[in-house]
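Okay, thanks everyone for coming.

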Amino acid sequence: MKRNPTQLFLWLLVFLSDVVPFSNEKSLRERAIELMQDTRVIDGHNDFVLRLRMFYQNRLSKVNLRELNRTHTNLKKLQAGYVGAQFWSVYVLCSAQNKDAVRLTLEQIDVVKRMCNSYKELELVTTSQGILDSRKIACLIGVEGGHSIDSSLATLRMYYDLGVRYLTLTHSCNTPWSESSSKGMHSFYPNVAGLTAFGQEVVKEMNRLGMLIDLSHTSHSTAKAALRISKAPVIFSHSSAFAVCNHARNVPDDILQQLKRNKGIIMVTFNADVLACGRKVVNVSTLADHFDHIKKIAGPESIGIGSDYDGVEHSSIYLLRSDTFGFPEGLEDVSKYPSLIGELLRRGWNETELKGVLRENFLRVFREVEKVRDSGLMDVGEREIPQEEVQNSCRLDLNNYRLQTVASFGFPSVVQSFSLTLVIITYVILYYES
Ligand SMILES: [Zn+2]
């Protein structure tokens, strides 16, 4: 059959319309990777070290982190995902509150340090300059949950000395001084609302130390209070937009606007529960919807990435789906960040905005936090939390040490003085009778 030139032209158009989207997709991925080679990801939250405890009891000699496949994270995948810096979450379960949360936290800090010192691909850093200078995957430490400081500013300071650079004010439980977004999940301190006076001291001490204040997992009133008090920009290390999915862990628009004024950032989580509120199809587009919304409300300079890989809670229905394991399709592990950047390019995000998302926005916040520290304007926090606010019988009150020493004889002091009087009277009677 013969075709005239017009028919041939139309046929060519149809053919191209099929081919162009495909080559366009490919070029988006290529553009994403080109961008990420120069601007590697800083990720605000990864719970891999909790998996090290659960699966290997922190025995690094029992596992090869380059090729480990039981987790979302291994070193080869981090390299494939163009990760330049990772905040390793030092997280201990809320059930350790008022028990051995501090010991467990120290053990998790220890395992991060051992991991990052024993693999040549990794390097521990504690400053914004350290991230810039590193040619490896820079390791940073974040403590996830205020219960880890056991209501003690001194413990907070010692964590800073050990290299911890953020504290999440709560996990899924209230502490004696801060309210969690999932306060119904545990029975701790049900009457705490927002930040107490001691909680405000914690925020001020973090400003003084140069520790980032992380508001993921906190209640909206805790977040608002911290944003009001903090002299430095704050972060949400792994949260998303409440207007897109009304999960209690997500950030509503009024707080996003407050965050913009504070010049802080929200590092958007990839956790399917928090992104999709139970919807069946969860993919890279679901995640990008959160990015688009936050950009509209708070601007592109307020956004970062906080995947939460290896951190999805056991209650998640997505755990039952072995294909996604709690994360959107196309974002199954730490090698998949280029898919997100490709999708944002497709939605019209420009390269400056994406460099901000990948690392520049976080670096700006970290530098500002260090600047507030270096201003040296604040006094060391010496406040102690009142015993009655903690209500923990395991807590020894050394401020009343003398009383406790007397009590340790096994008699109340009134009984002891009565016995002493009796001895003296007996002695006097015996003396006069003799
Ligand atoms: Zn978390």
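**Rings and a zinc site**

So, let's start with two tyrosines: tyrosine 309 and tyrosine 337 are both buried. Keep in mind that this is a predicted model. For tyrosine 309 the relative accessible area is 0%, so that one counts as buried. Its ring and the ring of tyrosine 337 have centres 6.1 Å apart and planes at 90 degrees, so we call the pair edge-to-face. Tyrosine 309 sits in the loop between E9 and H12, while tyrosine 337 is in helix H12, so the pair ties together parts 28 residues apart in sequence.

Phenylalanine 270, at 0% relative accessibility, counts as buried. Elsewhere, ring pairs join Phe87, Tyr166, Phe362 and Phe366 into a cluster.

We also have charges over rings. Arginine 165 lies over the face of tyrosine 160, 3.6 Å from the ring centre, and lysine 295 does that over tryptophan 349, at 4.3 Å.

Now the metal. Which residues coordinate the zinc ion? They're Glu144 through OE, plus His217 and His238 through NE2, at 2.1 to 2.2 Å. Along the chain, the donors follow the spacing E-x72-H-x20-H. Glutamate 144 is in strand E4 and histidine 238 in strand E7, so that pair links distant parts of the chain, 94 residues apart. Glutamate 144 has 1% relative accessibility, so it counts as buried, and histidine 238, also at 1%, counts as buried.

Notes: Residues numbered from 1 in each chain as written. Predicted model: local features only at pLDDT ≥ 70, side-chain atom pairs only at ≥ 80, totals over all residues. Heavy atoms only, no water. Donors = N, O, S within 2.8 Å, 3.2 Å for Na, K, Ca; no water. Helix = DSSP H or I, 4+ residues; strand = E, 2+ residues; numbered from the N terminus. Buried < 20%, exposed > 50% of the residue type's maximum accessible area, 1.4 Å probe, protein only. Phe/Tyr/Trp six-rings, centres within 6.5 Å; stacked < 30°, edge-to-face > 60°. Lys NZ or Arg CZ within 6 Å of the ring centre and 35° of its normal.
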